[in-house]
Amino acid sequence: MEVEEGEMGEDDAPAPCSIPIDYNLYRKFWMLQDYFRNPLQCYDKFSWMTFLKYSDETLAVFKSFKLDDMQASKRKMEDLRASDGEHVYFAKFLTSEKLMDLQISDSNFRRHILLQYLILFQYLKGQVKFKSSSCVLSDDQSTWIEETTKLVYQLLRETPPDGDKFATMVEHILNTEENWNAWKNEGCPSFVKERTVDDKPKRPTRKRQAPEDFLGKGPDRKIFMGNDELTRLWNLNQDNMEACKSDSREFMPSLDEFFAEAIEQADPASMVEDEYKVVRNPNYGWRALRLLSRRSPHFFQPTNQKFKSLADYLDSMVSKLAKELPKDIPSEEIKTGEEDDDDNGDNLLKDGNDSPSIQSKIVTNQQMDDLAAKLGAQWKTLASHLEMKAVEMREIETDSEDVEMQAKLLLVAWQDREGTQATVENLATALNAAGFSQIADSLNEA
């Protein structure tokens, strides 16, 4: 109800309900709020009799005037949720006598009053640490409270909508509050159990001292490991950690040595079928990933290109590594692993006389970082001129929320798609077409 006292005219008078609301009932109903506010009055004999009388009359009204229109209440709740998106109820104590019959017909208001009864009864029955010794209920009071509690729960279950669910939830919350009060009355003990200390004295253990030869303090300064071969290996060097750092213990191959066979098989002139390539060997693939993570910067370069298998990924990495190998290793016509409609997914890298000039024009990682920082949130304008699809743009936005990273992912996706055609000249042309002439000039100068 949003109508304050004194705002209701004669034409807006509420329809009479089945329970006549007189001034005496109105006064007694609202005087109960003083007991809810200050429960200690209930321990006084005279105040308790007044509270008992007023409560019986109020609960009798609630019991006789039931809210049976379940469907109407549910429709009202659904209308409120649909209008706001979220239903939030805040009780307002409008104490006008003209609103009394409307308030009794309001399920939310009735629930609020009944819940106040349950909170009051829990306080009167509970053992609170700060209560005085005089705050003790008599047997008659305890009996009345137990009977009235059952009546209040019954009224809550009869109040639509979802009365049973609401009453069960209230009972669960009040039970939890009782456990909380009991914990505070006990001085808030820790929930962590301390480990009991075993007072039984431990029997001292006698250790036999090792001979000097086993400690490396003998005349030979040799540590015996119990086996001739282990003793020989252990005493090769006085400082074993320094021995492990020796250059002679570096067994990791270089990228040129490890991928030489894979690059040679990737050349179409070798005529090696896919199933016989070393990249199809799971053992080789596992070692290749470990080596790439240690030696190659391409392993950590972000890309939007999706690979169906490890072998496809290694094919793509082999094509990139082939461009960086020395000239004496053949690297012409290496597959890039990218799909193309004309040759069924085989784009050939040609490393002829013009290979250095092509490689010098390829957009570097540093250039892409600088360009992404300058583009920022305007990367979508460049995306259309780089012929990026809407699906690819949505994937870029999903991968990162940072606009600079989104611009970097755009350039990486374009580079993966174009391969050797991802040159500075082509990128500058797209920048000029998109209206970023200054950025294009800075890219050519770099």
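## Burial and the chain as a whole

A residue is called buried here when its relative accessible area is under 20%, and exposed when that area is over 50%. The model described in this report is predicted.

The chain has 446 residues, of which 34% count as buried. Its secondary structure comprises 19 helices and 2 strands. Among the contacts in the chain with a separation of 6 or more, 65% are made by residues 24 or more positions apart. The accessible surface amounts to about 30400 Å², and carbon and sulfur atoms account for 50% of this surface.

## Helix α17

Helix α17 runs over residues 403-418. Its 16 residues, at 1.5 Å a residue, should span 22 Å, and the end C-alpha atoms lie 23 Å apart, which agrees.

Which residues of α17 are buried? They are Q406, A407, K408, L409, L410, L411, V412, A413, W414, Q415 and D416. The elements that cover these buried residues include α12 (310-322), α14 (365-375), α15 (379-385), α16 (390-399) and α18. After α17 comes G419, which has a positive phi, near 70 degrees.

## Helix α18

Helix α18, one of the elements covering the buried residues of α17, consists of residues 424-434. Within α18, the residues V424, L427, A428, A430, L431 and A434 are buried. These residues cover an arc of only 160 degrees around the axis, and therefore lie on the same side of α18.

On the other side of α18, E425 and A433 are exposed. Just after this helix, G435 adopts a positive phi of about 95 degrees.

## Aromatic pairs

A pair of aromatic rings is described by the distance of the centres and the angle of the planes. The count of aromatic pairs in the model comes to 19. In one of them, W48 and W144 have ring centres 5.4 Å apart and planes at 90 degrees; planes over 60 degrees apart count as edge-to-face, so this pair is edge-to-face. W48 belongs to helix α2 (residues 45-64) and W144 to helix α6 (residues 139-158), so the pair ties together parts that are 96 residues apart in sequence. Both partners fall under the 20% limit for burial: W48 is buried with a relative accessible area of 6%, and W144 is buried with 13%.

F258 and F259 form another aromatic pair, also edge-to-face, with 5.2 Å from centre to centre and 80 degrees between the planes. F258 is buried, at a relative accessible area of 12%, and F259 counts as buried at 1% relative accessibility.

## The ring cluster and a charge over a ring

Which residues do ring pairs link into a cluster? The cluster consists of Y35, F36, W48, F51, Y117, F121 and W144. The edge-to-face pair of W48 and W144 thus has both its members in this cluster.

Elsewhere in the chain, R111 lies over the face of F166, at 4.4 Å from the ring centre.

## Q41 between α1 and α2

Q41 is located in the loop between α1 (23-37) and α2. Is Q41 buried or exposed? With a relative accessible area of 18%, Q41 is buried, since the limit for burial is under 20%.

Neighbours within four places in sequence left aside, Q41 is in contact with D34, Y35, S47 and W48.

Terms used: Residues numbered from 1 in each chain as written. Predicted model: local features only at pLDDT ≥ 70, side-chain atom pairs only at ≥ 80, totals over all residues. Heavy atoms only, no water. Helix = DSSP H or I, 4+ residues; strand = E, 2+ residues; numbered from the N terminus. Buried < 20%, exposed > 50% of the residue type's maximum accessible area, 1.4 Å probe, protein only. Contact = heavy atoms within 4.5 Å. Areas by Shrake-Rupley, 256 points an atom, 1.4 Å probe, with all protein chains shown as cover. Arc of directions from axis to C-beta. Expected span 1.5 Å × (residues − 1). Phe/Tyr/Trp six-rings, centres within 6.5 Å; stacked < 30°, edge-to-face > 60°. Lys NZ or Arg CZ within 6 Å of the ring centre and 35° of its normal.
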